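This report looks at charged pairs, a pocket and a surface patch, in that order. Please keep the sequence and the structure at hand while reading.

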Amino acid sequence: MSIQGTCAPQFAEVRAEFERNFAERGEVGASVHVTLDGAPVVDLWGGVADPITGRLWSEDTIVHVWSCTKAATALCAHVLASRGALDLNAPVTRYWPEYGAEGKGTTLVRHVLSHQAGLPALTEWLPGGAFYDWDLVTAKLAAQKPLWDPGTKHGYHGLTFGFLVGEIVRRVTGLSLGQFFEKEVSGPLGLDFWMGLPEDLEPHVAHTIPVDPTQPGILLPSLFITALTQPESVPGLMLLNNGGYMAPGESDSRAAHAAEMGAIGGISNARGLAGLYRPLALGGEYNGVRLVEPEQIPQMSNVAVAGLDAVVGVPSRFGLGFQKATDNAHLPPNDREGLLVSEEAFGHNGMGGSLGFADPRARVSFGYAMNRQGPGLGANERGQSLVDAVYRALGYRRTGGGTWFA
């Protein structure tokens, strides 16, 4: 097993943990990237991108990063807010009038960004391929009654978040979410990050290796157990009512890669994830590209909601579109995964373990992407070990297994 890339001596432990992931923790193919003060200090990759063909993970391999996409979508909204084109405290109906149906007229943009909108799932079962039809899904969301009074509690909008925030972006700009992201974020920054992957890049995509729940020792989170045993429940609707998108192998299809799904559909790698957060770790600008003004950063990094998640069933903490440090180590083993970063950090993980975040105090950005998914909802042992090594290299400490502090 050969690890490729570079690693600054200060961060040698990150490389050691990356190697351990392959040797001891079942990693198949992965990349990790870290920047400090805007400069890359870790840029590593290795393993196998496609176990079927034996294709190796290379420097330009990209992979489905699942809910890490939510951060890219949220960033688009913050770019508009920083420019004065979007008021995060305004009603959604200011930009999307049809959204006011069924008592949703009081829903604010910030409620959508912080998973308080009450639309974590559609209650009308969708036809096959529905998630590839933007107008269909957004029309149904606009017409549906919320599952709770918006703003009264938060519950993870696992698959609908991208349609909700993305439609607001589209209404403000006239561009689709993927078009706006490429024009204003990924293009200027030169990121390997797409919401709507061009077909000519398909040969570079790693093959996703999903969890096999029948394997001994696999502990499924409570969310998945509830969804599988109670498909008409909110968790069941959230995970299963997606027109077949979550069916085995479908997320690796060309149709899935081509679609713009701002909650779960992003294709990137560790370099792309860390690059997304690099300007945010530096006050909103990197290399002449200003994404947001410095005063916008607290809107991303401050906690907007915290406590028991009405959908996932375990505690969660969010800013406006970004996850915050969450220590769930006290929960049963199947629900223990959280996100152990510093309190100043903000980011988002993806189902199975991918992760990106910015830490403005440490002036660090981080990205980790892999093809073998873990069973949990948060940062698993592979990703968290890399995060821990970064913070130790910076001289941070933590007590009781919790979050990191300087």
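## Salt bridges across the sequence

A salt bridge is counted here where a side-chain nitrogen of Lys or Arg lies within 4 Å of a carboxyl oxygen of Asp or Glu. The model is a predicted one, and by this rule the count comes to 22 salt bridges. Asp 43 and Arg 271 form one of them, with 3.1 Å between the closest N and O atoms. Because Asp 43 belongs to strand E3 (residues 39-50) and Arg 271 to helix H10 (residues 270-281), the pair ties together parts that are 228 residues apart in sequence. Asp 43 is buried, its relative accessible area being 14%, whereas Arg 271 counts as partly exposed at 26% relative accessibility.

Another salt bridge joins Glu 184 to Arg 83, where the closest N and O atoms are 2.8 Å apart. Glu 184 is in helix H6 (residues 177-189) and Arg 83 in the loop between helix H2 (69-82) and H3, so this pair ties together parts that are 101 residues apart in sequence. Glu 184 is buried, with a relative accessible area of 16%, while Arg 83, at 47% relative accessibility, counts as partly exposed.

Arg 15 forms a salt bridge with Glu 19, and their closest N and O atoms are 3.2 Å apart. Both residues lie in helix H1 (residues 12-24), where a spacing of four residues amounts to about one turn of the helix. Arg 15 counts as partly exposed at 27% relative accessibility, as does Glu 19 at 36%.

Salt bridges also link Glu 17, Arg 20, Glu 24, Arg 25 and Glu 381 in a network.

## The largest pocket

The largest pocket has a volume of about 670 Å³, and its lining is made up of 24 residues, of which Pro 210, Val 211, Met 246, Met 351 and Gln 373 lie nearest its centre. Helix H7 (222-229) and helix H8 (234-240) are the elements that give two or more residues to this lining, and H7 provides the largest share, three residues.

In its composition, the lining of the largest pocket divides into 16 nonpolar residues, seven polar and one charged.

## A nonpolar surface patch

Trp 125, Leu 228 and Leu 240 make a nonpolar surface patch of about 300 Å². Trp 125 is found in the loop between helix H3 (109-113) and helix H4 (134-143), and at 39% relative accessibility Trp 125 counts as partly exposed.

Terms used. Residues are numbered from 1 along each chain as its sequence is written. This is a predicted model: local features need pLDDT of at least 70, side-chain atom pairs count only at pLDDT 80 or more; totals for chains, interfaces and linings use all residues. Side-chain values use heavy atoms; hydrogens and water are left out. On a 1 Å grid over the protein atoms alone, a cavity is a set of points where a 1.4 Å probe fits but cannot get out, and a pocket is an open set with protein on both sides within 12 Å along at least five of seven lines; lining residues have an atom within 4 Å of a point. Grid points are joined across faces, edges and corners, and a volume is the space filled by probe spheres set on the points. Ala, Val, Leu, Ile, Met, Phe, Trp, Tyr, Cys and Pro count as nonpolar, Asp, Glu, Lys and Arg as charged, and the others, Gly among them, as polar. Patches are made of residues with over 30% relative accessible area and no salt bridge: like charges are joined within 9 Å, nonpolar side chains (Val, Leu, Ile, Met, Phe, Trp, Tyr) within 5 Å. Accessible areas come from the Shrake-Rupley method with a 1.4 Å probe; for residues, only the protein chains shown count as cover. Buried means under 20% relative accessible area, exposed over 50%, partly exposed in between (1.4 Å probe, protein chains only).
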